[in-house]
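Please open the structure in your viewer and keep the sequence beside it. This tour goes from one selection to the next and says what is found at each stop.

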Amino acid sequence: MGPFVLVQQPPSLEVGGSGTQLMGLPVNVMRTTVAKPEKVSAGALGLLFQFDELVVASVPPLHGVDQLTVGRQPDNDLVLDDPSVSKRHALLRWDEENERCTIQDQGSTNGTFLNASVRLRRETTLKNGDILSFGEVQYWFLLTGTLHEKLTAGRQRGFV
């Protein structure tokens with residue numbers, strides 16, 4: 001497992017959700033659609049209050065200064081099959097020496113947001129617990145140690 005994880009709600013079965021097709025075309029070849037601000041806000045709140053429904057996306061081990069691409073195209077490291085996500089949406093960069101992760105929007109149509117309010121304009125350092133929004137798709141950024149702590153605490157309370 002890598003130095004951090006991205007936690008999200010399971011993809012819905014709505015049109016445009018993971019693995020669905022629109023108008024007979026895979027989502028990753030369609031044009032990017034405009035994100036609805038109310039969906040972005042609701043998704044961010046869902047991450048914080050619906051713990052039992054969350055899915056953990058682990059990141060492979062990263063060494064030195066390593067990066068992960070995020071977008072709709074299948075050759076991205078993190079593929080988000082949602083029409084509100086651009087083909088090349090954002091870049092996550094891990095710096096092992098400083099134990100920090102930065103994020104940079106790659107000129108996406110709908111932008112990359114931090115904690116459902118700040119639209120990223122330049123490379124930004126992430127904090128443990130930040131909510132990332134790529135179009136209408138949200139992830140909770142957690143360091144791996146924090147995830148282990150939360151799972152251990154949940155197991156002790158009988159939730160896991």
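Leaving aside its neighbours within four places in sequence, which residues is threonine 102 in contact with? Before selecting anything, please note that this is a predicted model, in which local features need pLDDT of at least 70 and side-chain atom pairs count only at pLDDT 80 or more, while totals for chains, interfaces and linings use all residues. Residues are numbered from 1 along each chain as its sequence is written, and side-chain values use heavy atoms, with hydrogens and water left out.

**First stop: threonine 102**

Select threonine 102, which lies in strand E8; strands (E, at least two residues) and helices (H or I, at least four) are DSSP runs, numbered from the N terminus. Its contacts, apart from neighbours within four places in sequence, are Leu91, Leu92, Arg93, Glu123, Thr124, Thr125 and Leu126, where contact means heavy atoms within 4.5 Å. Threonine 102 counts as buried because its relative accessibility is 6%; buried means under 20% relative accessible area, exposed means over 50%, and partly exposed lies in between (1.4 Å probe, protein chains only).

**Second stop: the salt bridges**

Glutamate 123 lies in the loop between strand E10 (118-119) and strand E11 (124-125), whereas arginine 93 lies in strand E7, so the pair ties together parts that are 30 residues apart in sequence. Glutamate 123 is partly exposed, with a relative accessible area of 35%, and arginine 93 is partly exposed at 25%.

A salt bridge is a side-chain nitrogen of Lys or Arg within 4 Å of a carboxyl oxygen of Asp or Glu, and by this rule the count comes to two. To see another, select aspartate 75 and arginine 88, whose closest N and O atoms are 2.6 Å apart. Aspartate 75 is in the loop between E5 and strand E6 (78-79) and arginine 88 in the loop between E6 and E7, so this pair ties together parts that are 13 residues apart in sequence.

Switch to a cartoon view and look for an open sheet of five strands, in the order E6-E5-E7-E8-E11, with mixed pairing; two strands pair if DSSP finds at least two bridges between them. E6 and E11 are the edge strands, each pairing on one side only. E5 and E6 run parallel and are joined by two bridges.

Then find the open sheet of six strands, which has the order E4-E1-E13-E12-E9-E10 and antiparallel pairing. Its edge strands are E4 (55-58) and E10.

**Last stop: the largest nonpolar core**

Finally, select Phe4, Leu92, Leu132 and Phe134, which touch the most other members among the 22 residues of the largest nonpolar core. Such a core is a set of buried Ala, Val, Leu, Ile, Met, Phe, Trp, Tyr and Cys residues joined through side-chain atoms within 4.5 Å. Apart from this core lies another, of six residues, among them Val5, Val7, Ile131 and Trp140.
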